[in-house]
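Q: I'd like to learn how to read a model like this one. Could you walk me through it?

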Amino acid sequence: RPNIPDGWQWMHWVGFHSYSFRNAVYNEFEGRMILKDLSIHPPVTADYSGNLVLANFEFADEDLAVNCMIMAGMVFVYRLVAAIWQHFFHTGLKRAGRASAG
């Protein structure tokens with residue numbers, strides 16, 4: 001987040017992808033041991049802990065349940081906003097069209 005310009009930091013908090021990415025990375029690396037393997041590209045030259053990856057991304061203290069609740073809340077809020085928008089703009093336009101046709 002420190003690399004995000006100040007005017008765009010709000011996008012990090014309202015973006016669904018922020019929470020889903022954090023959960024995916026945490027789920028993949030938490031408690032995992034990555035073993036040395038020189039036959040792959042790029043080669044892994046030493047054993048290291050997945051928790052080190054989480055620490056580098058600053059995801060070491062993630063709470064999967066909280067992130068899931070935030071995403072569920074986002075779905076609810078976005079659906080509510082869409083329903084309100086539809087009620088006032090889409091439905092209102094249909095009513096106005098009927099009134100002028102009749």
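Predicted model: local features only at pLDDT ≥ 70, side-chain atom pairs only at ≥ 80, totals over all residues.

Q: Where do I start, and in what order do the elements of the protein chain run?

A: Start with the secondary structure. The protein chain has 4 helices and 2 strands, and from the N terminus on they run α-α-β-β-α-α.

Q: What share of the protein chain's residues count as buried?

A: Of its 102 residues, 18% count as buried. As for the accessible surface, that comes to about 8100 Å², with 64% of it belonging to carbon and sulfur atoms.

Q: And how do I read contacts along the sequence?

A: Look at sequence separation. Take the contacts between residues at least 6 apart: 46% of them join residues at least 24 apart.

Q: Let's zoom in. Is N23 buried or exposed?

A: Go by relative accessibility, where buried means under 20%. N23 is at 10%, so it counts as buried. N23 sits in helix α2, residues 16-29. Setting aside neighbours within four places in sequence, N23 is in contact with D63, L64, N67, C68 and M71.

Q: Why does F59 count as buried?

A: Because its relative accessibility is 6%, and the cut-off is under 20%. F59 is in the loop between α3 (50-57) and α4 (64-101).

Q: Which residues does F59 touch?

A: Not counting residues up to four places away in sequence, F59 touches F21, R22, V25, Y26 and L54.

Conventions: Residues numbered from 1 in each chain as written. Heavy atoms only, no water. Buried < 20%, exposed > 50% of the residue type's maximum accessible area, 1.4 Å probe, protein only. Contact = heavy atoms within 4.5 Å. Areas by Shrake-Rupley, 256 points an atom, 1.4 Å probe, with all protein chains shown as cover.
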